[in-house]
Amino acid sequence: MNILFAASEAFPFIKTGGLGDVAHSLPIALNELGEDVRLVLPAYRDVLASVDSLKELGFWDLPGIGVTHRVRVLQAHQDELGDFLYLIDVPSLFDRPGNPYVHSGGFNWPDNAERFTVFSRAVAQLSKGIPGTDWVPDVVHSHDWQTGLVSAFISMSYPRPKTVFTIHNMAYDGHFSYADFTSLGLPPEWWSSDHVEFYGGFSMLKAGMVFSDQVTTVSPTYAREICTPEYGYRFEGVLQSLGDKLSGILNGIDLETWNPETDSHLVQNYGISDAKKKKQWAAGKLANKQALLKDVALPYEGLAEGKAPLLGFIGRLVEQKGVDLVTSMLPELFSTTDAMVVILGSGHMSYEAELLSLAAQYPSRLHVHIGYSEDLAHQIEAGCDLFLMPSRFEPCGLNQMYSLRYGTPPVVNFTGGLADTVTDASDMALQEKTASGFVFHDVNADALLSAVMRGLEIYRQPERWKQLCETAMQQDLGWELSAKKYQELYNK
Ligand code: ADP
């Protein structure tokens with residue numbers, strides 16, 4: 001099947017979050033299953049700088065706001081995708097440095113509505129066939145609000161490919177004004193509550209939902225949650241009306257980048273892929289714990305048996321991730337246990353300041369690194385005993401899956417992809433050898449702390465702990481399973 005992927009970011013060219021990982025990994029996984037997937041991205045400055053052999057395939061003149069843009073489609077080469085990466089080149093809209101959505105002051109680019117409408121118009125042109133080739137997509141799969149209008153524009157053509165739209169996070173909905181709607185020259189009949197109108201404005205996310213043949217999100221539980229007022233951001237009615245057009249397919253992780261047996265960020269590799277390694281993984285993990293403690297200047301002398309448990313947290317320091325639950329429970333954790341904690345992240349200044357102040361208060365128990373560090377992220381996954389991920393909502397989540405693979409049982413809230421990937425260490429699950437972490441159900445610091453305490457209790461029982469970690473490390477977290485589910489969806 002010919003499948004055109006349209007996204008506003010993709011690793012390794014430009015990435016701000018999970019969408020970038022999916023737009024990279026899923027096409028590769030689908031191609032391995034025999035599909036022919038090609039990817040189209042906006043030609044941002046960083047993307048143009050990171051590809052080879054650019055070739056112009058054609059151009060169209062497409063409407064923007066008050067101007068007609070000359071829109072060129074470029075073919076680019078990249079090792080993993082070969083020549084099947086297409087770039088939509090409109091220098092006045094995309095030739096800008098840095099983040100694809102916000103400028104260096106941290107605010108949205110003021111012309112985002114125009115940028116992603118023109119991109120979506122161009123993708124709809126490509127859906128009729130890639131210029132200069134005989135390749136025509138059977139399915140166009142677009143992602144998040146930036147490509148929400150792709151299916152809408154495609155719906156105006158006949159014949160047309162089938163359309164799939166994936167929602168990666170409901171918190172970002174591409175909401176613009178009626179004035180934007182009219183100035184973009186969109187069909188007036190789209191201004192209705194059945195189409196793109198949303199509470200008096202114009203929502204590109206809603207366009208993706210209502211105009212696509214199938215809508216997916218990145219975990220089965222999140223697919224159910226977003227149909228409720230608590231998680232739906234007022235879209236719950238629209239989502240409910242989709243019925244079985246809406247489904248959830250769990251993301252996978254990159255099993256090469258996140259492999260404790262080969263990870264070059266670690267002082268010692270470890271794993272359980274054969275009997276010999278299975279005997280030694282705990283020693284490998286302990287070596288990483290000691291190295292991490294030393295690097296972050298927490299006490300590591302006398303930790304030969306790794307007695308004091310080490311807890312990790314990595315992520316954006318925002319309300320979604322439950323950072324406030326972590327800061328609220330730390331004083332009690334430190335006063336009642338010997339646990340230590342390492343935190344890596346950046347985000348809201350208030351969370352950053354609170355964490356730094358706690359680190360100053362508990363210098364021998366807490367290390368806080370404000371910033372982004374790929375190296376430290378890998379070392380935390382490998383060196384910690386437990387991983388904290390108390391997100392209020394989590395469409396899929398990657399870090400809990402990295403933790404499972406690194407034998408670092410995650411402590412998670414029962415929501416979205418966290419609920420779908422972590423099995424709570426109840427007595428029964430431990431007995432049945434299905435337990436992989438600790439799950440709590442009320443979003444508050446007490447619930448998080450009691451889940452951590454349950455974790456620490458099992459940590460003190462070496463046999464049960466070993467079983468728990470090994471179950472976690474054995475989980476099937478790659479892309480193959482997910483790619484097969486997308487394949488079934490396309491076939492449908
Ligand atoms: P989200 O996409 O909501 O931010 P995910 O768990 O799905 O959350 O993915 C976040 C990704 O970004 C993970 O790969 C995580 O390790 C990484 N990450 C987040 N913050 C940092 C940081 N400060 N340093 C290194 N990696 C980070």
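Student: How do α11 and α14 lie to each other?
Tutor: Happy to start there, and note that this is a predicted model, where local features need pLDDT of at least 70, side-chain atom pairs count only at pLDDT 80 or more, and totals for chains, interfaces and linings use all residues. Numbering runs from 1 along each chain as its sequence is written, and side-chain values use heavy atoms, with hydrogens and water left out. Helix α11 (residues 275–295) and helix α14 (residues 374–383) pack at about 130 degrees, their axes 8 Å apart (axes are lines fitted to C-alpha atoms, for helices over the stretch in contact, and angles run from 0 to 180 degrees between N-to-C directions; helices, H or I of at least four residues, and strands, E of at least two, are DSSP runs numbered from the N terminus). Angles under 35 degrees count as roughly parallel, over 145 as roughly antiparallel, 65 to 115 as roughly perpendicular and the rest as oblique, so α11 and α14 are oblique.

Student: Is the crossing of α11 and α14 left-handed or right-handed?
Tutor: A crossing is left-handed if the near helix is turned anticlockwise from the far one by less than a right angle, and right-handed if clockwise. For α11 and α14, the crossing is left-handed.

Student: Which residues of α18 does α12 meet?
Tutor: Helix α12 (residues 323–336) packs against helix α18 (residues 445–459) at about 45 degrees, with axes 9 Å apart. Contact means heavy atoms within 4.5 Å. From α12, Leu-325, Val-326, Ser-328, Met-329, Glu-332, Leu-333 and Thr-336 meet, in α18, Ala-445, Leu-448, Leu-449, Val-452, Met-453 and Leu-456.

Student: How many nonpolar residues does that contact of α12 with α18 have?
Tutor: Here Ala, Val, Leu, Ile, Met, Phe, Trp, Tyr, Cys and Pro count as nonpolar, Asp, Glu, Lys and Arg as charged, and the others, Gly among them, as polar. Besides two polar and one charged residues, the contact of α12 with α18 has a nonpolar count of 10.
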